[in-house]
Structure formats: C-alpha cells, structure tokens
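Please open the model in your viewer and follow the stops below.

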Amino acid sequence: MLLPSFYDFCCRVRTLSGIDTLEQIPRQLARLRAAHPMIVSDKGVGAAGLIDKVVQAMGDGLKIGAVYDQVPVDSDYKVVDDAAKVYRRNGCDAIIAIGGGSVIDTAKGINIVVSLGGDSLLAYEGFGAVNRRLRPLVVVPTTAGTGSEMTLVAVIADPDRKIKMLFPSYFILPDLAVIDPRMTQTLPDFLTASTAMDAMTHACEAYFCLEKNPLSDSFALRAIRLISQHLLEVVKNPGDLNGRLALANASAMAGIAFSNSMVGMVHNLGHTVGALCHVPHGVAMSIFLPYGLAYNLGKAADPIGELLFPLAGPEVFAATPKKERPAKVIAHIRRMNEDLHAATGGKHPRCLKEVTGRDGSQLVPRSLLPAIAEATLLDGARLTNPEEMLPADALPVLEHAWEGTPLGR
Amino acid sequence: MQIPDSYEFLLYPKIVSGRCALENLPTELDGHNAQKPLVITSQALARSGRTKALIKAFYDSAVVIGAIFDPVLDYAGISQARQAARLFGNRGCDAIIALGGGPVVALAKAVNLLASEKRETLQPYYDGTPIAGPLKPLIVVPSGPTDGQEATPAMTVDNRTIVSDSLYPGVFVLDGRMTSADDGRDLAESAAITLAQAFTALTMARPSPMVDALAHPALALLAQYLAPALRRPADKTAGLALANAAVMASAASANTGPGLFQVLAAALADATGICLGTCLGILLPFGMAALQKADQPVRDELCLCLAGTERYSAMAAPDRPVRGLELAAALARELQAVLPASLKAMRVQHYLLEPVARTAAEKGAGGFTADECRAILTRAWEANA
Amino acid sequence: MHIERYPELKPGRKWIKRFYLSIMLWTVGKAIPVAAKVDKEIKKELDKLPDNFTLRLMILPERALGPFFYAKMLPAFVADKGLLPYGMQMIIHKDKEGKLHYQGADPRGKKFDLSMAFKSLEAAMMVFTFRESTPTGYAHDRFVVEGYLPYATAFMRVLDIVEVYLLPKPIARLAVKRYPKWSEMSPLRKHLNRLIIYVRAFTF
Ligand SMILES: [Fe+2]
C-alpha cells in the first residue's frame with residue numbers, strides 16, 4: 001500500500017447500519033441534545049410511505065416539530081430559505097433528512113441557515129463561510145447511490161444566476177447517517193441499477209483519481225466488492241433485504257471514499273450531460289464509467305487493473321496477468337451494464353442514444369455532442385482526473401459513449 | 001462479504017498527513033475559528049527540537065502560540081492539567097495542540113475539559129457527570145510513542161479513565177518531521193499496540209465493513225513499513241507510515257473496544273509495572289499462534305490486509321485464514337528483534353500469571369476464558385510458541 | 001507555576017520565500033495579459049470569464065495577514081510591491097471591452113469575483129517551485145477557491161499554458177498535467193510567442 005506524499009481524510013459521520021436502525025434515531029438525537037426535529041423530504045418519498053415508516057419506527061420517543069416535504073428535484077436556495085422559516089416557526093432543534101441527493105443537500109443548506117442565522121443561504125456562499133458547529137443533522141438515505149450522507153459539500157442551485165453554488169465545509173457533514181434497508185426496499189429496479197452504478201463510479205473514481213489515499217482506497221475497494229456481489233441479485237429480487245443492506249452500505253462507503261478523494265472525468269461528463277440534457281446522474285455514470293476507465297489507462301493503468309480484484313473476485317484476479325487486468329475491468333463493467341439492461345427489461349440504458357425522457361424522446365441528440373464537449377471544461381471534476389481532458393479529447397469519448405462502442409486507443 | 005445485521009461506526013478525527021502537513025495547522029485552526037492555541041508537549045520532545053519545527057510552521061500566519069507547555073513526562077496527572085488549564089485561561093487561548101502521544105494527548109484532553117468547562121477538578125466526571133457541551137478544538141500532532149488511546153474518546157489521567165465523545169480530538173496532523181522515531185524500542189512498543197488494535201478489529205466476532213476498511217490500511221502499512229522502520233528508526237517515510245497506521249488503528253479500536261490482547265496486556269502491565277507496549281510485544285506472537293488452533297477460523301480479511309491483493313489471490317481459498325494468522329504472527333515476531341523475547345526474560349514471577357489470567361478474563365466479560373489467557377501467558381513466559 | 005516560563009510566541013516571517021513568491025506572482029501577473037493577446041488558447045479560456053471581472057491569486061488568505069494598519073499608512077507604490085503586509089497577491093482585471101490588466105497586489109477598494117488562496121506560504125512554495133503541479137496542488141488542497149469553480153478551472157488552465165511559455169520544458173513538464181504535444185503547440189509558435197511574451201511583459 002502506497003502512502004501518498006500528502007492526503008487528508010475526514011468523515012466524522014456516525015453511521016448506523018442495520019435492519020432496525022430507524023428505531024434508534026430518538027436515542028441518538030437525545031445524545032445530540034435534540035428532541036424536536038424537522039423532517040425534510042420530497043413528495044415522492046412521502047408518496048412511497050417512507051416518511052410514515054420513519055415516523056412510525058421512531059415511535060413516541062420524540063416529538064416531530066414539522067414536516068417539510070416540498071423539496072423539488074432541482075432544489076434551489078429559495079427552497080432552503082423557505083424551509084428554514086418553517087424550522088424556526090416551529091421551534092425545531094434538529095433536522096432529519098429522508099430522501100436522495102437533492103433532499104440531503106437541501107437539508108444541509110437548511111442547517112446552515114438555521115444554525116448560523118440570517119434569512120438566506122446566499123450569505124454563506126464560498127469557502128470558509130461555514131466555520132462553526134451546526135445543529136444536529138440526521139440523514140436517512142432512500143437511494144443507495146449518491147453517498148451524499150457522507151459528503152462535506154452541499155450543492156444548491158441559484159436559479160437567478162443559473163449556477164450551482166457549492167458549500168464545502170467539514171461542519172456540513174451530517175452527525176448521523178442511518179442506513180436501513182427498509183428505506184430502499186421499494187426502489188424500482190432501474191433506479192436501483194443506476195443509483196448503484198453511481199456508487200460504483202464513486203468508488204472506482206476514488207480509486208484511480210489524483211487524490212487517492214490508503215483510507216479512501218480501502219473504503220472504495222469494499223464498496224466495489226459489495227456492489228458487484230449484490231447488485232444484479234437485488235435487481236432481480238427487489239425484496240432481498242440483505243442485498244439492499246449491502247448496497248446501502250456500499251453506497252455509504254463509496255461516499256466516504258469519494259468525499260475524500262474526489263471524482264474525475266466520469267463525473268465531469270455526467271455533470272455536463274445532466275446540466276445540458278437532463279440525463280439522470282446515475283444513468284450517465286453507468287454509461288460513462290467504462291469510458292472514464294479506458295481514457296485514463298495511460299496514466300492510471302495500475303490502479304485501474306487493481307479494480308479487477310473487488311469486481312471479479314480473487315480467483316479471476318489471480319488468473320489474469322497484470323497487463324490484461326485493466327481491459328478486463330472495463331469489460332466487466334460493460335458486462336454489468338448489459339446484465340442490468342437485460343434484467344430491467346431494457347430500462348437501464350447502455351449508451352447515450354438509448355437514454356430517453358418520460359415521453360420516450362431521445363434526451364441527448366447527437367448534434368449536441370460538440371457543445372457538451374466544450375462545456376466539460378467548466379466542471380471542477382476535470383482537475384482531479386489523472387489524464388488531462390480538453391474539449392477536443394472529450395468529443396470522441398462522447399461519440400463512442402453515444403454509440404456504445406468501446407474507446408479505441 | 002457478509003454485512004452484519006447491525007453495527008455502529010464513527011471515525012471522528014480528520015487526518016492530515018504528508019509533506020507540509022504541519023504548515024496546514026494555521027488553516028485547520030482557522031477552520032475552527034481559533035487563532036491562539038496552547039501547545040502541550042513533553043520535555044523530551046522539547047529537548048529534541050521538535051517544538052522549533054512546530055513554531056516555524058506558524059510563520060507568516062496570524063496565529064499566535066499562547067504558550068508551549070512542555071513539562072510533561074511519561075505520566076498524565078491532574079496537577080499539570082490544572083496548571084496548563086490556568087495558562088490556557090491566562091493567555092486567552094482558544095484551542096489546544098498536543099504535540100506528542102500517550103500522556104501528552106491524555107493531558108491535552110484533560111486540559112481541554114478543565115478549560116472548556118471551567119473546572120478545577122475531574123472528580124465530577126469520574127462520578128459520572130456528563131460533559132456538557134462541545135469542547136475547544138483539539139489538534140494532535142503525533143510524535144514519539146503512542147498508547148493507542150489518542151484517536152479514541154477515552155482519556156486516562158491519574159490512572160483513571162473517562163470516556164466521552166466530546167473528548168475526541170478533531171484533527172490529527174501527521175508530518176514526517178515529527179513522526180520519525182528517536183529510538184527503536186519506543187517504535188516497537190508503539191507498533192505492538194497498533195498491531196494489537198488492528199488485529200482485534202479484523203478478527204472480531206461481529207465484523208463491520210467500515211471497521212474493516214479503517215483497520216485495513218493500518219495493518220497493510222504496518223506490514224510494509226515495520227521492518228524498514230526497525231532497521232532505521234529515523235527513517236522519515238517509514239515513521240510517517242507507522243504513525244498513520246497508529247492513528248487508524250486507534251480510531252478503529254474506538255469502534256471495537258479492547259480485544260483479548262489489550263485486556264490481557266493491560267492486566268499484565270498493571271500487575272508487573274512493565275509498559276503496555278512491551279507486554280503486547282511479548283504476548284502477540286504467542287497469542288496469535290494460540291488463535292490459530294481454535295476451531296473458529298478467522299476471516300479472510302486479515303489475510304487480505306497483510307498479504308495484499310496479489311498474494312491473497314494467489315492462495316487457495318481455504319488456506320487464507322490460517323495464512324492470515326501466520327503473517328500476523330510473523331509480523332509480531334519482527335518486534336522481538338527489539339523487545340524482550342519472553343516474560344521470563346523480563347523477570348516476571350511465574351506465580352503472577354494466574355491472577356493476571358483471572359483478572360483479564362473478568363475484564364473481558366465472557367469474550368474469552370481464564371484458561372485461554374493462562375495458556376497464552378504460560379507460553380509467553382517460556383517463549384514457547 | 002511561573003507563567004513566564006512559557007512565553008507567548010508571535011509568528012515570524014520567512015522573508016526569502018516571501019520574496020521569491022512575490023517575484024513569481026509578479027511575473028505571472030505581468031505575463032497573463034500579454035499571453036492572452038498572443039495565444040489563442042489562452043484567449044479562448046479567458047473569454048469564458050464575464051467582462052468586468054476581477055480575479056486574484058493570493059498566498060495566505062487575507063485575514064491571516066497581520067498588520068493591515070501599517071499598510072494603510074504606506075503609499076500605494078510601496079504596498080503594491082507585494083512584499084508588504086498586503087502580502088502576496090496577484091490581481092487581474094478584465095474590463096468592459098474584455099481586455100486584461102495586471103493590477104498589482106493591492107486589494108484595497110476592489111471586489112473580487114474569483115479568489116484563489118494558497119493555504120500557507122509553504123503550500124505556495126510547493127506549487128511555485130514546481131514540486132507539485134497545479135492539479136496536484138488542487139488535489140492536495142494546497143489552495144482554496146472562492147467564487148464560481150468553473151471560472152477557477154478556466155483560470156487554472158490559463159496558468160498551465162502560461163507556465164509552458166515561461167518555463168523551460170523540463171520544468172514546465174512538472175508544472176502541468178500534460179505538456180502540449182507537437183500537434184497542440186508547434187515549436188515555432190511556442191518559441192515565437194514565448195519571445196513576444198517575454199519582451200512585452202517585462203520591458204515596460
Ligand atoms: Fe455521483
């Protein structure tokens with residue numbers, strides 16, 4: 001194990017994992033000296049009955065101050081400010097976020113406003129603005145993928161300026177992450193597939209990108225192993241609680257890994273097609289991951305080859321000569337995408353041209369690829385990618401990913 | 001890989017490690033809104049000139065060092081804690097930096113408690129009063145020997161231990177200039193503690209994937225860097241790697257609690273006055289051999305961490321648990337090049353073994369029996385693997 | 001207890017490193033506006049920044065820079081040399097017409113759209129002595145970015161290209177992630193542009 005010349009690592013989130021952890025939230029909140037939490041969530045989560053499930057599991061242990069379930073898919077600072085008012089009006093003293101990435105980020109934003117004072121999140125934009133301990137924040141993720149429960153940044157949009165604001169601070173880290181498979185049990189198969197592939201991407205990129213370190217490697221390796229062992233099984237058999245628990249654990253561990261080692265070009269491309277064409281994040285991740293691996297072979301062949309160990313298991317790893325491992329890793333990920341495509345009845349797309357919107361129309365027209373390539377330059381994930389990627393380099397990658405053909409080198 | 005039905009995990013401290021890590025101290029303080037730290041360190045470290053490098057790290061920053069409190073020897077006591085807490089108040093400090101390990105960090109935790117909560121004594125906490133609020137930021141810069149308690153929520157002052165989440169240090173800053181060892185004996189003792197903690201984490205009965213993930217690099221770094229460090233204690237790379245391993249293992253032990261080895265070694269240290277690291281160094285090789293014969297195989301993870309993916313994959317699957325234990329025992333035997341080989345060589349009276357075994361079994365609360373302890377002690381006494 | 005035994009310690013200054021870094025910042029600051037005129041690539045990157053935009057590169061965050069009080073009493077031309085308490089800053093302004101100006105090191109009265117601040121003097125030394133490339137420096141958290149991150153990535157790309165121009169190849173290779181290949185930057189163009197940048201940036 002190589003010790004890098006420099007690294008830092010921080011993940012001070014208490015993690016509770018298991019099939020009965022929701023019940024422990026009141027006790028843990030008492031430990032954090034809070035008894036009057038506000039629940040933050042979105043309509044979809046509410047409709048799936050997950051908020052009720054949490055409330056029921058928590059029992060009479062505490063009094064819920066308010067329920068704010070209006071978080072939209074693309075949350076912005078106005079939602080945050082609005083929710084902060086609800087929090088204050090009801091005299092809440094903690095937040096329980098139940099949902100996916102958007103809900104969790106919004107909850108982090110609300111926590112900034114209600115803890116540090118003021119009316120608007122806008123006052124806390126930029127580095128170093130959040131420099132005090134915040135109120136208790138409990139996160140109950142309902143997708144096994146984003147890993148937001150473990151990240152120290154909140155990404156919240158400003159629709160007026162049309163930008164995404166970043167709020168990076170160690171104080172934003174939630175106090176408690178509650179991983180309970182009951183929360184992901186009802187997730188539809190294609191969402192299970194794409195969110196898990198998002199986690200897979202977090203772990204893979206954490207493993208081969210520039211900020212890798214022994215701890216992030218170790219978490220990433222275990223996350224990859226869990227996903228490759230359980231994902232297909234869970235997609236085929238959604239009620240598999242043990243598998244769900246494994247995926248949720250993997251998502252959290254991948255979150256720990258990439259929060260400390262950053263992501264690379266797969267996220268760079270993914271963020272860009274997400275912003276320009278509204279391709280869901282997890283879908284973009286599963287499509288771009290094999291290309292991100294292939295593109296970085298020049299600079300990071302060794303770590304990429306090592307991924308074969310958690311992906312395919314020790315036997316395959318030992319049987320494959322070192323030189324052939326990177327290619328096999330890429331083939332393995334492609335194979336996973338194919339299998340998921342088959343297992344979801346075609347709902348898990350394998351290439352960009354297969355990505356469709358609700359109405360069945362193609363989300364990424366081929367003609368848009370040059371514009372996408374140009375826009376990749378504006379994303380921060382570009383910096384931590386091992387290999388330089390300029391728009392001229394991104395275009396062929398995008399074209400191959402659109403067609404679904406392997407990247408030739 | 002099996003996920004347990006339920007587990008709880010926390011890795012509280014942030015780790016900053018590597019080139020120029022010391023120069024990150026002003027930024028870390030700034031991140032906690034602190035500008036005036038009190039530095040607590042030991043006489044030995046002050047004499048070795050390590051404090052000078054620390055002072056230099058604050059050049060060109062706005063941080064004023066409130067004072068460098070450096071009379072700490074190898075014992076953390078309340079009177080020194082009180083002195084330092086008064087100094088903290090007098091100078092208007094707002095953070096604590098502990099430069100050192102073991103008693104220095106314990107003392108720093110105590111000073112933080114006294115100063116933040118404005119108290120003169122720790123007695124209420126021994127009696128069970130909970131610690132009220134978040135304490136002042138505490139940053140640890142490891143240097144010299146460790147006692148394995150640094151990255152845990154526990155502190156031992158005047159031989160009494162208080163455990164509270166508020167006591168966790170916020171940041172560990174590991175820098176090669178500070179972590180290289182002055183002598184091989186200290187280094188081996190620290191390594192024995194690290195090895196025991198990581199080993200416990202990877203062999204415990206109810207595994208958690210996150211504890212595994214945390215202990216894995218600790219053990220891997222130990223396996224890779226212990227030999228070069230023992231050969232040349234001043235080696236900066238190896239020293240930094242072992243210090244990393246120590247923090248990770250210590251943080252892992254905060255999640256696992258003490259295992260057989262720590263409990264047994266603590267009982268032995270209590271009874272004989274030999275330091276904990278030496279006790280562990282003597283016990284580990286024999287104890288690991290004992291586990292090998294037990295009917296319940298250890299998990300493959302131990303082997304994975306020690307052998308690395310390449311060698312692990314090349315092994316036949318059924319051999320992995322045993323090979324893991326063998327590798328661990330081999331690593332422990334490396335320590336014997338520096339540490340005494342047996343309890344007999346340390347002039348431990350044989351009649352002491354029986355009460356030590358019983359105390360340990362009692363403290364272990366059913367995790368293991370007095371017979372097991374006695375067997376390990378007897379073998380360690382005669383140096384009979 | 002004798003409290004005097006444990007004196008208070010005020011931070012000292014590393015003058016030589018400060019001097020070196022000031023020179024580096026000044027050099028890069030002077031070179032960027034000129035390079036933007038000469039090099040299409042740089043121009044394209046800087047076009048991504050909105051007009052009327054001020055950015056700065058600084059070593060040590062502003063509030064960590066001790067005695068402002070004295071600095072305010074100094075005439076601007078002294079404070080501007082970068083050696084004095086305003087410390088080491090490099091301010092570049094893009095005006096309404098999209099032209100770039102190097103504005104020295106004096107932050108007074110300016111509003112910054114983008115700030116990149118090195119966390120410590122030593123962190124800046126790592127990057128400006130090319131022991132760590134700009135991306136590695138970013139990965140190692142040697143500096144923090146305040147402002148819209150996409151602009152920062154564009155600016156870091158500009159820094160990369162300027163370094164290729166200013167530095168001899170063996171050193172520039174350390175400083176950037178990928179040294180431009182033949183196809184991307186022809187030697188003729190490089191040397192010609194390099195000459196122009198040197199002459200125009202440092203003759204007046
Ligand atoms: Fe992602």
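The tour visits a domain boundary and then a chain boundary.

This is a predicted model: local features need pLDDT of at least 70, side-chain atom pairs count only at pLDDT 80 or more, and totals for chains, interfaces and linings use all residues. Residues are numbered from 1 along each chain as its sequence is written, chains are lettered from A in the order in which they are written, and side-chain values use heavy atoms, without hydrogens and water.

**Stop 1: chain B**

Select 14–178 for domain 1 of chain B and 184–382 for domain 2; the bounds come from an automatic or database domain assignment. Their C-alpha centres lie 28 Å apart. Contact (heavy atoms within 4.5 Å) takes 19 residues from domain 1 of chain B and 15 residues from domain 2 of chain B.

The two domains of chain B bury about 1,200 Å² between them, with 70% from carbon and sulfur atoms. Buried area is the accessible area (1.4 Å probe) that two parts lose on being put together, summed over both.

**Stop 2: chains C and A**

Now show chain C with chain A. Here 24 residues of chain C are in contact with 27 residues of chain A. The buried area is about 2,300 Å², and carbon and sulfur atoms give 57% of that.
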